[in-house]
Amino acid sequence: IDEEQTLTISYLNVGQGDCIFICLPSGETMLIDAGTASYGNHIVQYIKDSGNDTLNYVIITHPHADHIGGMAEVIDNFSVGEIYMPKVTHTSRTYEMLLQTIRDKQFKIHNGTAGTVI
């Protein structure tokens, strides 16, 4: 089997929250959510150990801490292509830190809505 044509989906153990790392057959990568803040370093290390330094697509499903807590650390450690997240407001410190990290890196956020094709 040609590894470059393999789809690999890894479900990372981040406790209650979610974190899914996908290597697409094209060689591109996608990260969906990033657990709580305590898992940020674990996620970064897993992606680096898989031989990747770029996240082509980052998907944030919603702004609860068990889904976005580790995302600021992840975004700080990788080159990121596109970020998709719903247009919602949330006042948690975790959410504000994530938005600030995205602004600091000058990444653009795409509105993730039902029917969005990536």
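**Surface, fold and strand pairing of the predicted model**

The protein exposes about 6,800 Å², of which carbon and sulfur atoms supply 49%. This value, like the others reported here, was computed from a predicted model. Buried residues account for 39% of the 118 residues in the protein.

With regard to overall dimensions, the C-alpha atoms fill a box of roughly 45 × 30 × 25 Å when the principal axes are taken as reference. The radius of gyration of the protein is 14 Å, which agrees with the value near 13 Å that a compact globule of 118 residues would have. Among the contacts in the protein with a separation of 6 or more, 65% are made by residues 24 or more positions apart.

The secondary structure consists of four helices and six strands, and these elements follow one another along the sequence in the pattern β-β-β-α-β-α-α-β-α-β. Strand β4, which spans residues 54-59, runs parallel to strand β5, residues 79-85, and the two are joined by five bridges; within this pairing, Val80 of β5 is the bridge partner of Leu55. Strand β5 is also joined to strand β6, residues 109-111, by three bridges, and this pair likewise runs parallel. Here Met85 stands opposite Asn111 in β6.

Note on methods. Residues are numbered from 1 along each chain as its sequence is written. This is a predicted model: local features need pLDDT of at least 70, side-chain atom pairs count only at pLDDT 80 or more; totals for chains, interfaces and linings use all residues. Side-chain values use heavy atoms; hydrogens and water are left out. The radius of gyration is taken over C-alpha atoms; the globule rule is 2.2 Å times the number of residues to the power 0.38. Buried means under 20% relative accessible area, exposed over 50%, partly exposed in between (1.4 Å probe, protein chains only). Contact means heavy atoms within 4.5 Å. Accessible areas come from the Shrake-Rupley method with a 1.4 Å probe; for residues, only the protein chains shown count as cover. Two strands pair if DSSP finds at least two bridges between them.
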